Amino acid sequence: MPKGGVAYFSAEFGLDESLPIYSGGLGVLAGDHIKAAADLNIPLTGVGLFYSKGYFQQRIDEDGAQQQLYPPIDPDASIYPVQLVRDAEEKPLVIEVTIDGRQVYAKAWSVQVGSVTLYLLNTDVDSNSGEDRRLTDTLYPSDPNVRISQEILLGIGGARLLAALGIQPDVWHMNEGHSAFLALERIRTLSAEGVPFETALEAVKASTVFTTHTPVPAGHDVFPIDLIDRYFSHYYWQLGTDRERILSLGRVDGAFNMTRLAVSTSSKVNGVSKLHGEVTQDLFHRWMPYIPRQDIPVDSVTNGVHIGTWLADGMKRLFDRHLPSGWAVRTQERDVWSSVRDIPAAELWEEHQRAKSEMVRELDLPIDMSGDGPLIIGFARRFATYKRALLIFRDLERLARIVGDPQRPVCLVFAGKAHPADGPGKELIQKIVELSREERFKDRVHIVENYAMDKAKKLVQGVDVWLNTPVKPMEASGTSGQKAAMNGVLNCSVLDGWWVEGYNGRNGWAIEGATDTSADLQEQQDSDTLYRLLEEEIVPLFYKRGERSFPMEWTNRMKESICSLAPVYNTHRMVSDYWNNIYVPATARGRRFVADQFEVASRVAAYKQFIRGHWSAVHVRKVDILDDHSSRIGLNKVAFRAEIELGVIWHKDVRVEAVGSDGRRGIWKAKLDPVQQLAKGLYVYEGVAPSVPIDIWKANVNVRVTPVSPDFASDFEMELAAWGGVPCPS
Ligand SMILES: *Cc1c(COP(=O)(O)O)cnc(C)c1O
């Protein structure tokens with residue numbers, strides 16, 4: 001019986017620190033996704049790469065310089081069972097891909113996570129040349145040749161591995177664009193069976209979904225066209241179409257963009273928070289400027305974290321005592337979490353103190369924990385510059401006053417790795433080390449080496465406040481703050497990513513996050529807000545004791561943080577959302593497209609080719625706006641009349657709409673209907689717009705024609721729209 005379900009492809013997976021094949025949030029999220037799928041019994045198979053040396057171990061030397069060590073990974077050290085995958089004859093299973101004209105072989109490791117299997121490809125096999133054996137040594141190599149080789153192995157090799165194992169997924173999920181070549185390999189397989197290219201593309205698209213993770217354009221893989229030519233010259237013809245058509249799937253600004261390829265070959269695209277969904281629409285709008293940002297088909301599924309992995313053991317025991325039984329599998333139920341309010345405040349505080357002391361001990365922090373210890377603020381994440389690790393150091397004197405009060409001491413703990421090729425990231429580490437040596441910060445600023453999942457656990461469980469200061473809106477979601485929140489650690493964060501949705505005014509603190517101004521001004525405003533919050537709210541609240549021996553109001557905030565955030569920002573909720581809104585519809589769509597010898601796929605392919613071939617004849621010839629002056633309050637009904645030329649395209653195959661700006665970054669649309677045929681292929685359309693303020697519609701309104709089909713996954717699946725003379729509103 002071939003196994004169906006979801007194939008989940010990712011370039012990195014963070015399951016446990018003992019398997020260092022992840023670099024940061026993307027990998028940890030993928031690991032948490034796998035664990036939640038296992039918890040929820042969702043049929044899912046993971047596919048990734050086994051990096052022989054993994055992501056580096058970080059040492060920070062005397063001068064604050066980052067050293068990178070690459071000890072080989074020992075699969076036996078993993079807390080998860082890791083095994084070499086064998087074929088029916090018990091020989092190691094080997095798959096083969098062509099890379100730059102060479103046959104490259106790869107073996108696979110399997111990692112068992114409950115009911116879910118994760119397969120990881122690795123090229124360190126005897127039959128490969130020395131150089132090819134090293135292809136999968138490390139994550140995110142800077143050399144584009146190694147990078148594209150890894151992505152060919154992940155996408156094409158990964159699809160071949162599943163085929164060799166007899167796994168026929170219903171849905172293929174690309175977690176980030178690194179794996180997007182898998183779509184080409186699936187088309188190639190269908191092409192070899194005689195399915196024409198456009199039909200194969202539709203079949204593949206119907207069952208493929210794509211999650212994009214970064215609003216930073218530099219975070220998207222882009223390869224020069226000649227590099228694609230070099231690696232795919234043997235491959236183009238096998239797809240049953242010409243080179244130009246294949247390149248068109250990924251071409252942006254004269255280069256081949258993996259995010260574009262993923263979008264072109266998926267029926268559903270999502271960002272990882274509501275705000276990130278919108279930012280992604282902005283990003284893709286640049287590729288199709290004739291489709292308003294708001295209409296770009298991008299959804300969002302906000303990230304979550306795996307509670308079983310990130311919640312401190314002591315907190316688990318506390319919840320076992322005070323939450324309804326079965327809470328650990330009922331993590332999406334708000335009622336279950338609201339029982340956190342009934343936990344005696346002193347007990348919650350004590351449990352947090354235990355986690356805090358354990359962190360100080362385990363991470364060997366020179367922090368005096370007598371009494372309740374100082375207020376400890378944690379900042380741990382990759383040292384990417386947009387995360388602005390130095391924001392809190394912008395005004396050194398002000399910071400020194402905040403942390404240096406002997407009555408109310410404050411400590412800052414930093415941790416994080418900079419990508420080996422990221423010079424500016426490494427400088428951040430150096431700067432923090434330097435500052436931590438200054439007399440005024442000596443006992444107040446600490447840096448922890450080698451940030452990985454083990455260190456992350458201690459930090460998100462043990463600090464009092466979790467600080468997050470990215471440049472808004474660069475943090476697609478962020479997840480470390482979610483880990484902190486469920487442990488009763490209070491977030492103080494720029495209102496970016498998930499925090500825009502999570503913050504409710506009582507469960508932490510928000511830094512509004514200046515946007516649309518110079519980087520310098522943004523820093524100025526955001527750091528001012530941060531200092532003010534520390535001075536006026538955070539430090540006083542932490543040290544406020546009243547009659548009790550612990551801070552009652554602070555503990556209430558901790559409760560609010562857990563109750564309001566834990567039920568939402570966990571991976572059970574997240575994977576349930578993927579299941580209901582993405583996997584189930586894509587399964588149905590994929591099956592429908594291939595049923596009866598690809599009937600629907602070939603129909604959609606033929607339809608699209610017809611529309612594309614005749615679209616240049618579609619014009620909005622004349623638009624009349626008929627203002628109805630009956631209203632005196634400035635809200636007018638507006639009627640539209642437009643002459644639309646459709647050529648040979650049938651009027652039922654298009655939608656004609658008036659579209660206008662609502663003046664609040666949104667748009668309104670009004671459907672127009674055909675009322676008269678003036679000549680062959682020439683129609684009059686009419687319709688009435690909703691009541692909109694006069695000044696707004698007059699400023700920015702237009703009529704557009706788009707192709708429609710009940711078989712399309714979204715209204716703009718063809719990325720086509722014909723407008724009247726003026727540009728599209730947005
Ligand atoms: C959770 C986690 C991250 C992600 O943190 P962000 O909030 O997205 O910056 C990165 N690295 C490790 C080791 C983590 O555990």
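**Buried residues and a covered ligand**

Modeller: Let us start with Gly 177, which is found in the loop between strand S9 (171-175) and helix H4 (181-192), where helices (H or I, at least four residues) and strands (E, at least two) are DSSP runs numbered from the N terminus. This is a predicted model, in which local features need pLDDT of at least 70 and side-chain atom pairs count only at pLDDT 80 or more, while totals for chains, interfaces and linings use all residues. Residues are numbered from 1 along each chain as its sequence is written, and side-chain values use heavy atoms, with hydrogens and water left out.

Colleague: Why is Gly 177 called buried?

Modeller: Buried means under 20% relative accessible area, exposed means over 50%, and partly exposed lies in between, with a 1.4 Å probe and protein chains only. Gly 177 has a relative accessible area of 5%, so it is buried.

Colleague: What makes Lys 608 count as buried, and what does its side chain join in a polar contact?

Modeller: Lys 608, which lies in helix H21 (residues 571-614), has 4% relative accessibility and therefore counts as buried. Its side chain is joined to that of Glu 202 by a polar contact of 3.0 Å; such a contact is a pair of N or O atoms within 3.5 Å, and within protein one must be able to donate a hydrogen and the other to accept it, while residues adjacent in sequence count only if both atoms are side-chain atoms.

Colleague: How do you know that Lys 483 is buried, and what does UniProt list for this residue?

Modeller: Lys 483, found in helix H17, has 5% relative accessibility, so it too counts as buried. An unreviewed UniProt entry lists Lys 483 for "modified residue: N6-(pyridoxal phosphate)lysine", although annotations may be inferred rather than shown by experiment.

Colleague: Why is the ligand said to lie between two domains?

Modeller: Domain 1 (6-50 + 78-302 + 576-599) and domain 2 (333-568) both give residues to the shell around the ligand, so the ligand lies between them; the domain bounds come from an automatic or database domain assignment.
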